[in-house]
Amino acid sequence: MACSRNETLIKSELIRYISSLGLTVNTVTKARGNKGFFKEGRIDVSKTLDDSSAIRTLIHEYAHYINYKFDKTLSSLSPVFGDESENIKDELLEVTKFVDENALCQKLNAENDSLKNEIKILTDKVQKEYPDFSANSELKEFKKYSRWSNIGYLEKYDKVKVHSITSSKVYSIDTIKEDFPDMPEVFVDYLKLKSKQRRRNKILRRISKLNKYYSEPCELFARFIEGIYIDINKVKELAPSAYEAFLKLFNKNYYHGLREILSIVKILVY
C-alpha cells in the first residue's frame, strides 16, 4: 500500500528533529538485516521500509536512545519507569504482543504442538514392537541392526554425505525407504522419531531465544513507546499501571525529547 504524503513529511520531520539532537540517522542501509537498530550516537532504519513502517521504527529506536541516556546497560526497567518497574513487566509483555505479533510465536508454537503429536504417534508405534522403549532413549535393537551400515548416521542427522575411496553417497531421512528397502518398518519409525525430536528441540530453542529477546527491559520499553504511537488507548487498556508510571514522568519532561517526537506524529499524551 502506498504511503501518504503526510507520512512522508512526518518521517522527514522525525529525522530532522532526531538529527538536531546530535544523532546520526541512516536511511540508506539494510540495518544489519533488521527493520532498524540503535547504537550510541546512531539510528539506522532499513531502506526497505515504507514510510509508515519507517516512522514506527524511528520511534522504537528513539526509545532505545532514551533508555540508553539513563542506563547504558539497557538492563533494567527502573530507569524508565521509576519505582513501579517491578510490578509492570506482565503488562509490558501484553503491550509487546499487541505491537509485534511475532512475540506470540504463533507459528513456532503451532509447529511445536504438531511435532509433539507426531512424536507421540511414532513413539507408540515403536513401543508396539519394543514395549520398554522410551522416546528419550536410544533403541538398542537399532544399534545392533545398524552396526555395520551407513544407516546409523541417520540416528543423529537428517542428511549426511558418506565418502568412500571411489565414490560418495548422500543419505537422508526423506529417502530411507529407497536407500534401505529391506529395513524393518519399526526402525524407519524410530529414525523419523529422532528426526522429529531434533526439529522440535530446534524450535524450542528458537522460542526460548525469542521469549528472552522480547522480555529484555529495553525491548519492553521500546515497544511500549511504539504502542503509544500505534494506539494510545489500547496501551492504557493493556498496561494501566505502566502507563500511569510513564505519565507521571512524561509530565515532568523526564524522557529526553519524547514530547517533541510524539508531537511530530500528532500523539496527545494524557
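# Salt bridges, rings and cores

At 24% relative accessibility, R198 counts as partly exposed (between buried, under 20% relative accessible area, and exposed, over 50%; 1.4 Å probe, protein chains only). The model is predicted, with local features needing pLDDT of at least 70 and side-chain atom pairs pLDDT 80 or more, while totals for chains, interfaces and linings use all residues. Residues are numbered from 1 along each chain as its sequence is written, and side-chain values use heavy atoms, leaving out hydrogens and water.

## Charged pairs

Side chains of opposite charge can pair when their charged atoms come close. A search of the whole structure gives 17 salt bridges (a side-chain nitrogen of Lys or Arg within 4 Å of a carboxyl oxygen of Asp or Glu). The table lists some of them.

| Salt bridge | N to O distance |
|---|---|
| K97 with E94 | 3.6 Å |
| D158 with R198 | 2.6 Å |
| R199 with E111 | 2.9 Å |

R199 sits in helix 8 and E111 in helix 5 (residues 106–129), so this pair links distant parts of the chain, 88 residues apart. Helices are DSSP runs of H or I with at least four residues, strands are E runs of at least two, and both are numbered from the N terminus. R199 is partly exposed at 33%. E111 is partly exposed too, at 29%. D158 belongs to the loop between helix 6 and strand 4 (159–163) and R198 to helix 8, so their pair ties together parts 40 residues apart in sequence. D158 is partly exposed at 36%.

K97 and E94 both lie in helix 4, 3 residues apart, about one turn of the helix. K97 is partly exposed at 35%, and E94 at 37%.

## Aromatic rings

The whole structure holds 19 aromatic pairs (ring centres of Phe, Tyr or Trp, its six-membered ring, within 6.5 Å; planes under 30 degrees apart are stacked, over 60 edge-to-face, the rest tilted). F70 and Y254 are stacked, at 4.4 Å centre to centre and 10 degrees between the planes. F70 is in helix 2 and Y254 in the loop between helix 10 and helix 11, so the pair ties together parts 184 residues apart in sequence. Y254 is partly exposed at 27%. F142 and F187 have ring centres 5.6 Å apart and planes at 75 degrees, so they pair edge-to-face. F142 lies in helix 6 (residues 140–145) and F187 in helix 8, 45 residues apart. Both are buried.

One aromatic cluster includes F70, F81, F224, F246 and Y254. K236 places its charged end over the ring of Y270, 3.2 Å from the centre (NZ of Lys or CZ of Arg within 6 Å of the ring centre and within 35 degrees of the ring normal).

## Nonpolar cores

The largest nonpolar core has 52 residues, of which F81, F224, I228 and F246 touch the most other members. A core is a set of buried Ala, Val, Leu, Ile, Met, Phe, Trp, Tyr and Cys residues joined through side-chain atoms within 4.5 Å. Elements supplying at least two residues each include helix 1 (5–20), strand 3 (42–46) and helix 9 (217–238). A second, separate core of 22 residues includes I119, L122, V126 and V188.

D189 is in helix 8 (residues 185–214). D189 is buried, at 5% relative accessible area. Beyond four places in sequence, D189 touches L122, K125 and V126 (heavy atoms within 4.5 Å).
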